[in-house]
Amino acid sequence: SALKFDVAGLVESMSSEIQKTEGGELIIRGSRPGDMLYLIDGIKTAQIGVMPSAAIGSLTVYTGGIPAKYGDTLGGVIAMETQSYFDLYRTWKAKQLKAGK
């Protein structure tokens, strides 16, 4: 798919309130570029980079009503958790069982 490695594009496609600037930054509800808070596995990052969609365990986007645990931000929050080794192993194991191996 076109969004296989484009996490920002995937997030943008989730809601009409989310837009991408010419520079590739995400903005929510007309906020200023740079006001977004990005978290990958609980670690703050400046932006979301390139990541295979198969590595994403969960993706939560807050466009309003941001929980206090994320701190002081006005632009919105994108919290992404990657799949753990055990998640990938369970997926592989389920495919093996389904194939009768």
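Let's start in a loop: Ala-54 sits between strand S4 (43–45) and strand S5. With a relative accessible area of 55%, Ala-54 is exposed, because exposed means over 50%. Keep in mind that this is a predicted model. Ala-54 and Asp-35 are 19 residues apart along the chain, and their C-alpha atoms are separated by 27 Å.

A relative accessible area of 15% makes Thr-73 buried, because the cut-off is under 20%. A polar atom of the Thr-73 side chain is 2.6 Å from the backbone oxygen of Asp-35. Beyond its neighbours within four places in sequence, Thr-73 touches Asp-35, Met-36, Leu-37 and Ile-66.

Now for the charged pairs. How many salt bridges does a search of the whole structure find? The search finds two, and here they are:

| Salt bridge | N to O distance |
|---|---|
| Arg-29 with Glu-17 | 3.4 Å |
| Arg-32 with Asp-35 | 3.5 Å |

The pair of Arg-29 and Glu-17 links distant parts of the chain, 12 residues apart. Arg-29 is in the loop between strands S2 (26–28) and S3 (37–40), while Glu-17 is in the loop between helix H1 (7–12) and strand S1 (18–20). Arg-29 is exposed at 55% relative accessibility, and Glu-17 is partly exposed at 32%. In the other pair, Arg-32 is exposed at 58%.

Our last stop is helix H2, residues 85–98. Its 14 residues should span 20 Å at 1.5 Å a residue, which agrees with the 20 Å between its end C-alpha atoms. Just after H2, Gly-100 has a positive phi of about 80°.

Key:
Residues are numbered from 1 along each chain as its sequence is written. This is a predicted model: local features need pLDDT of at least 70, side-chain atom pairs count only at pLDDT 80 or more; totals for chains, interfaces and linings use all residues. Side-chain values use heavy atoms; hydrogens and water are left out. Buried means under 20% relative accessible area, exposed over 50%, partly exposed in between (1.4 Å probe, protein chains only). A polar contact is a pair of N or O atoms within 3.5 Å; within protein, one must be able to donate a hydrogen and the other to accept it, and residues adjacent in sequence count only if both atoms are side-chain atoms. Contact means heavy atoms within 4.5 Å. Helices (H or I, at least four residues) and strands (E, at least two) are DSSP runs, numbered from the N terminus. The expected span of a helix is 1.5 Å times one less than its number of residues. A salt bridge is a side-chain nitrogen of Lys or Arg within 4 Å of a carboxyl oxygen of Asp or Glu.
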